[in-house]
Amino acid sequence: MGTVNKALHLIAKRPSVLLLTALISIVVCVFEYFFMTLFYGITMFKTGSPFDDYVNIIQFVINAVSVPETAVKIILVLAIAVVSASLILGLIFSGCFNILYNAVQGKEKKAGSEFVHGVKKYFLRMISLNLWTICAVFIFVIYVLIATIPAAIVVDNSISGTMNPLAGVVLSIITAIVLFFSYTFFRQYIAFWYPSAIAYEKSHFKMAKKVSDRNFWPLLSKFIAFDIILVLFDILYIIANFTLANTQVVSGTINTILIVVNIVFKTIVFAILICFVFSSFKKCNDDYKYKEQIR
């Protein structure tokens with residue numbers, strides 16, 4: 001409850017933070033909706049095991065990339081998308097994060113726009129950080145896809161009876177543990193990198209890593225709580241969509257209501273999460289500075 005209370009206090013001081021999380025939520029929810037629609041369409045024509053679908057998708061991507069003309073077009077589109085996203089997010093993040101960090105520091109609103117001041121001061125810094133972040137996320141996704149292939153093969157063979165089921169269970173557990181800790185470290189470093197970039201002019205990632213490493217386990221428990229909340233809600237949201245689709249009672253009004261509920265819920269959760277990240281960074285960073293001073 002302390003985390004929620006702090007977040008609500010910050011939001012009350014700077015309600016404009018909700019505009020940022022609302023924008024993020026809209027993008028996430030629209031992506032989820034189209035992904036679910038695509039996934040539901042695939043399941044309607046399902047003919048093999050989940051591993052077969054996984055292999056077919058990877059094979060399709062490899063075949064597309066192996067054609068030079070297609071590969072050039074894909075790279076060009078991705079490059080334009082990454083640069084465009086970095087510029088747009090740089091504009092939004094620089095202003096909104098300046099507003100939020102001022103609230104975390106307890107600063108009162110001054111004459112003029114905090115958003116405009118943040119854009120002037122942090123825009124180029126946020127563009128650079130966004131480029132690094134998007135590239136890092138892209139590489140991490142590739143790493144996850146490659147890391148899950150051995151476990152997928154063993155599990156598929158275990159289900160078909162050609163391998164010992166115990167091997168599939170053991171390899172799945174090992175893969176899950178490795179990916180879990182990879183994700184937790186990756187997520188905390190990236191999350192703390194943004195407030196660090198606002199607080200420091202140089203060595204942003206170095207400070208974010210130091211603060212995160214020194215407080216990894218306490219932070220991890222809070223992040224997991226957010227993960228559980230989001231996962232449970234998404235499970236209910238997906239079940240509702242698929243149930244309505246299977247019973248053929250889906251209408252434009254029901255779809256709109258579900259999407260709006262999803263956006264509102266995620267706007268609130270993302271607002272609390274972002275406030276938690278910035279307030280936790282300040283607290284952990286202040287503790288780090290204090291310990292360095294008394295040494």
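**The nonpolar patch and its surroundings**

Reply: Tyr143, Leu166, Val169, Val170, Ile173, Ile174, Ile177, Val178, Phe180, Phe181, Phe185 and Trp217 together make a nonpolar surface patch of about 1,100 Å². A patch consists of residues with over 30% relative accessible area and no salt bridge, where nonpolar side chains (Val, Leu, Ile, Met, Phe, Trp, Tyr) are joined within 5 Å and like charges within 9 Å. The areas come from the Shrake-Rupley method with a 1.4 Å probe, and for residues only the protein chains shown count as cover. The model is predicted, so local features need pLDDT of at least 70 and side-chain atom pairs count only at pLDDT 80 or more, while totals for chains, interfaces and linings use all residues. Residues are numbered from 1 along each chain as its sequence is written, and side-chain values use heavy atoms, with hydrogens and water left out.

The element that gives the most to the patch is helix 6 (residues 165-199), with ten residues; helices (H or I, at least four residues) and strands (E, at least two) are DSSP runs, numbered from the N terminus. Ile177 is found in this helix and, with a relative accessible area of 45%, is partly exposed, a class that lies between buried (under 20%) and exposed (over 50%), again with a 1.4 Å probe and protein chains only. The unreviewed UniProt entry lists residues 166-186 under "transmembrane region", along with 17-42, 74-101, 122-146, 216-239 and 259-281; UniProt positions follow the numbering used here, feature names are shortened, and annotations may be inferred rather than shown by experiment.

Rings of Phe, Tyr and Trp (its six-membered ring) pair if their centres lie within 6.5 Å, and planes under 30 degrees apart count as stacked, over 60 as edge-to-face and the rest as tilted. The structure holds 19 aromatic pairs, among them Phe97 and Phe278, a tilted pair with 4.9 Å from centre to centre and 50 degrees between the planes. Since Phe97 lies in helix 4 (residues 68-104) and Phe278 in helix 9 (residues 252-294), the pair ties together parts that are 181 residues apart in sequence, and both Phe97 and Phe278 are buried. The rings of Phe192 and Phe281 have centres 5.6 Å apart and planes at 90 degrees, so this pair is edge-to-face. Phe192 lies in helix 6 and Phe281 in helix 9, so parts 89 residues apart in sequence are tied together. Phe192 counts as buried at 0% relative accessibility, and Phe281 is buried with a relative accessible area of 0%.

Glu32 forms a salt bridge with Lys266, the closest N and O atoms being 3.5 Å apart. Because Glu32 lies in helix 2 (residues 17-44) and Lys266 in helix 9, the pair ties together parts that are 234 residues apart in sequence. Glu32 and Lys266 are both buried, and a network of salt bridges links Glu32, Asp234 and Lys266. Asp286 and Lys282 meet in another salt bridge (2.9 Å, N to O), and, being four residues apart in helix 9, they are separated by about one helical turn. Asp286 counts as partly exposed at 34% relative accessibility, and Lys282 is partly exposed with a relative accessible area of 23%.

As for the whole, the protein has nine helices and zero strands, and 34% of its 295 residues count as buried. Among contacts (heavy atoms within 4.5 Å) between residues at least 6 apart in sequence, 79% join residues at least 24 apart. The protein exposes about 17,600 Å², of which carbon and sulfur atoms supply 75%.

Conventions. A salt bridge is a side-chain nitrogen of Lys or Arg within 4 Å of a carboxyl oxygen of Asp or Glu.
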